[in-house]
Amino acid sequence: MKMGWFLFFMVLLNGIIISNGVDTNVSSRPSVVNIGAIFSFNSIIGKVAKFALEAAVQDVNSDPTVLGGTKLELTTQDTNFSGFGAIMEALQFMEGDTVAIIGPQSSVTAHVISHIANELQVPLLSYAATDPTLSSLQYPFFVMTSHSDLYQMAAIADLIQYYGWREVIAIYVDDDYGRNGIAALGDELAEKRCKISYKAPLYPQSSRNDIIDLLVKIALAESRILIVHTHPDWGLKVLDVAAYLGMTGRGYVWIATNWLSTIIDTNSPLPSKAMNNIQGLLTLRMYTPSSGLKENFVSRWGNLTSPRTSNGHVGLSAYGLYAYDTVWVLAHAINAFFNQGGTISFSNDSRLAKMKGGSLNLDAMSIFDGGNLLLQSILQVNMTGVTGQIKFNSDRSLINPAYEVINVIGTGIRRIGYWSNHSGLSVVPPQNTTLPNGTSSNPRLYDAIWPGQEVKTPRGWVFPNNGRQLIIGVPNRVSYREFISRVEGTDMLKGYCIDVFTAALSLLPYALPYKLVPFGDGINNPSCTELVQLVTAGVYDAAIGDIAIVTNRTRMVDFTQPYIESGLVVVAPIKASKSNAWAFLRPFSKNMWIVTGVFFLIVGAVVWILEHRLNDEFRGPPRRQIVTVLWFSFSTLFFAHRENTVSTLGRLVLIIWLFVVLIINSSYTASLTSILTVEQLSSPIKGIESLQASKDPIGYQLGSFAVNYLSEELNIHKSRLIPLNSEEDYARALTAGPEKGGVAAVVDERGYMELFLSTRCEFTIVGPEFTKSGWGFAFPRDSPLAVDMSTAILKLSENGDLQRIHNKWLRGSACRSQDAKLEVDRLQLRSFWGLYVISGLACIVALLIYFILMVRQFSRHYIVESDASMGNSSRSRRLQTFLSFVDEKEKDVKSRSKRRQMEMASSRGGSYEDDESMSISKRRHIELSPSKTTTTITSYEV
């Protein structure tokens, strides 16, 4: 008994010592848990957050079910817009027994304090520091309780793509918050083939003159899409200066991040001057779905703020809602922390203990032993607050990020749509969409009113008003100067391509100062591919001229709509074909003649077989029958056959064959007429296929893409490809031919070749055009000028100006009036094989049916004979019998078969009648024989 009391007092004493020691462990829930908050009380976000945090703590403490009787003790510290002050306030919290800190408000400060939180394991929960680089990997004890700017920048990128813009200008505060946010925007734009064309950083302490200088540079730029990513406290200063410089009128597009919506929600109504400066702007606001909790808190807001504000009304912004929910997240996490057996205890940091005695008193700070457990409890919270469902995903970001797209109009704002990472842009609230992550079947927004009361979506760019001219590269051609040539004694250029370009420029809705710079040495034709590469490299702002639109060039630049079609063709020398005594054989090829003759014989033979047993005209001695077959076959060519066909199968074969003969006869007549009446021009080259099959050299224009196409696409060895520089080189090489060091043919674009052939009738285009392309003007990738110039070229085509320019520079061929034509290929078998197949099938089917009928008739006849002879026939005898049967006339076969059947029927009577009949027959035979013999002899004597 005494031992039991002794143990009881020892345990009690131990508990007292522990509770009063330095190691402040507690074995049960404490009555108070200390938390801290760091923010600027007088900032746009801070003055709302202060009321929201205090209201949340009061609500948590008034509900004993949340913490089981434990109260939250919130200590707030005003950083007064000072990053250094925020760090010092955080250190003071670390010296005490604070288990978590709400804040800081600034992303810049969050980067510094997060290092301290990592060391002392005190969680930081920030509702306002939204820098995308505040990642969980580098700062594990930093928890973002609102949405990262990464999602806000994704929403802006979707807006840019939705309205069809390509380039934007970013105005941002030059700190971690601004730089990292704009970097995220650049990444999102790049995924959509858009970009930030100019970055305009501003120091946080920039003066009005600094802002003016920066906006003046922006006004000289090309893009009119301006993204403003600043702190709420001085974002309106930028817009005030922009209005002063006339940059908030028509043609401009201003998109502000959620700092503007925060100002409007907090300080509404804004002064009239400020509202005038932001007319037509787009801004974003963090979306919070409607709920009973939210409506209740919004209705209480006026009572929470009115008794304690002396500087006017303080509106409730989205940051205030997230600040309120941050306290509730922390309260639920602390409750879970205690439920898991967590205790509030602190221990000394061995690394800070070495600094003991310093004036900073760093050794007074201690590590929160339950920091990791409390952090995990925070990340596992799943609750519904005034901002909706609060839950952290695997990367420790809040789920379901969404924004409202706001358009500032008149004295207020208008929501024109929503954005979420699940549905993209939509007019439907995000909670009503069920599309997969990051997709939108039909992105749509309500119409916006743009700066200057403009209802039409601005183009988004203008030609930069900085006095700089566009440097446009133009091929300095040596040949075909009708397309591009230099005016003698000047730096001016003229030609078909130049006129098309200047005509298209005249249709643009803006002035375009430019300077044409010749590209090339003037001795050889330059490579247009190299010119395009210089556009990509930035040496030239554009390139115009006879630039073919081919695949490898489209990977480097953007081309306009083609203003002329031009594919590769083959040009070869030609000569007149002289007529001769055998000209009548030229319409058909050799194979065509052979097959046609064979079919005449086949059809004649087939008709003879089908008619032989029925038609007396197809019977007779063998010589007569052979002559009949030949005569009948070839007389069908002129439809002059005299023999009639009586069998159904024979008529069918003959009708089909006469149709084939009609087609062949008509084709032959037309081709022969053309050969005899029109002068024929012949060339040994028939097209690109014959060039590929030969080993002859092939000419091409120096600098043309044709050399790459021939060698890489058609696998023609480069040793066969001969570069030619001028029209005279073309004519000389073609005239000489391969035997004298020339070329068999030239492969070049149709536009050049038509001009070349206009005065050289000894050459012509052979074969079809084997590539399809066109000429266009080249601009850098994603240049809006390419789109506008394409529209202008289409207008030129529609109103007929493009054709008039063509007629002015590209004269018609002088050889087209002649009646000569290039010798066409002879009529080939491949053009008629279908007819022959039909005729052949008809013959085969007719013979097959005829054979089946013959076998059937023969079988019945042979059975009758075998029964009559009462013996078996050998196979060879049966075959001879069958052939004899086929050769007989069908009428005779049928009559004989009928007579034999009657005889066999009569022989099946009684034996008595048979014997009597036989005796009577014999007697008649004997009686008639002498008389017959006598009659014959008498006749002979006479």
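Me: Before we start, what counts as buried, exposed or partly exposed?
Reply: A residue is buried when its relative accessible area is under 20%, exposed when that value is over 50%, and partly exposed in between. Please keep in mind that this is a predicted model.

Me: Okay, so where is Ala-243, and which class does it fall in?
Reply: Ala-243 sits in helix H9, which covers residues 235–244. Its relative accessible area is 27%, and because that value lies between the cut-offs of 20% and 50%, Ala-243 is partly exposed.

Me: What does Ala-243 touch, leaving aside its neighbours within four places in sequence?
Reply: With those neighbours set aside, Ala-243 is in contact with Thr-248 and Asn-277. The C-alpha atom of Ala-243 is also separated by 8.6 Å from that of Asn-276, a residue 33 places away along the chain.

Me: Now Val-173: is that one buried or exposed?
Reply: Val-173, which belongs to strand S6 (residues 167–173), has a relative accessible area of 0%, and it is therefore buried.

Me: Which residues does Val-173 touch, not counting those up to four places away?
Reply: On that count, Val-173 touches Gly-178, Arg-179, Leu-202, Pro-204, His-229, Thr-230, His-231 and Trp-234. Of these, Trp-234 is 61 residues away from Val-173 along the chain, and the C-alpha atoms of the two are separated by 9.7 Å.

Me: And Ser-479, where is that and why does it count as buried?
Reply: Ser-479 is found in the loop between strand S18 (470–475) and strand S19 (485–486). Ser-479 counts as buried because its relative accessibility is 3%, and the cut-off is under 20%. Residues up to four places away in sequence aside, Ser-479 touches Asn-525, Gln-701, Asn-725, Ser-726 and Glu-727.

Me: Switching to helices, how do H5 and H7 cross?
Reply: The axes of helix H5 (residues 107–120) and helix H7 (residues 176–190) come within 7 Å and cross at roughly 100 degrees. Angles from 65 to 115 degrees count as roughly perpendicular, and H5 and H7 are therefore roughly perpendicular to each other.

Me: Which residues meet there?
Reply: From H5 there are Ser-107, Val-108 and His-111, and these meet Asp-176, Tyr-177 and Asn-180 in H7. The residues of this contact divide into 2 nonpolar, 3 polar and 1 charged.

Me: What about H15, which of its residues are buried?
Reply: In helix H15 (residues 371–379), the buried residues are Gly-371, Leu-374, Leu-375, Ser-377, Ile-378 and Leu-379.

Me: Last topic: how many cavities of 30 Å³ or more does a search find?
Reply: A search of the whole structure finds 4 of them. The largest cavity has a volume of about 90 Å³ and is lined by 15 residues, with Cys-528, Gly-703, Ser-704, Glu-749 and Tyr-752 lying nearest its centre. Its lining divides into 7 nonpolar, 4 polar and 4 charged residues.

Me: And what lines the second largest cavity?
Reply: The second largest cavity, which holds about 50 Å³ of space, is lined by Thr-145, Tyr-322, Asp-325, Thr-326, Val-329, Thr-387, Ile-390 and Leu-398. Helix H13 (residues 318–339) gives the largest share of that lining, with 4 residues, and the lining as a whole divides into 4 nonpolar, 3 polar and 1 charged.

Methods:
Residues numbered from 1 in each chain as written. Predicted model: local features only at pLDDT ≥ 70, side-chain atom pairs only at ≥ 80, totals over all residues. Heavy atoms only, no water. 1 Å grid on protein atoms, 1.4 Å probe; cavity = no way out; pocket = protein on both sides within 12 Å on 5 of 7 lines; lining within 4 Å. Points joined across faces, edges and corners; volume = space filled by probe spheres on them. Nonpolar A, V, L, I, M, F, W, Y, C, P; charged D, E, K, R; others polar. Helix = DSSP H or I, 4+ residues; strand = E, 2+ residues; numbered from the N terminus. Axes fitted to C-alpha atoms, helices over the stretch in contact; angles between N-to-C directions. Parallel < 35°, antiparallel > 145°, perpendicular 65-115°, else oblique. Contact = heavy atoms within 4.5 Å. Buried < 20%, exposed > 50% of the residue type's maximum accessible area, 1.4 Å probe, protein only.
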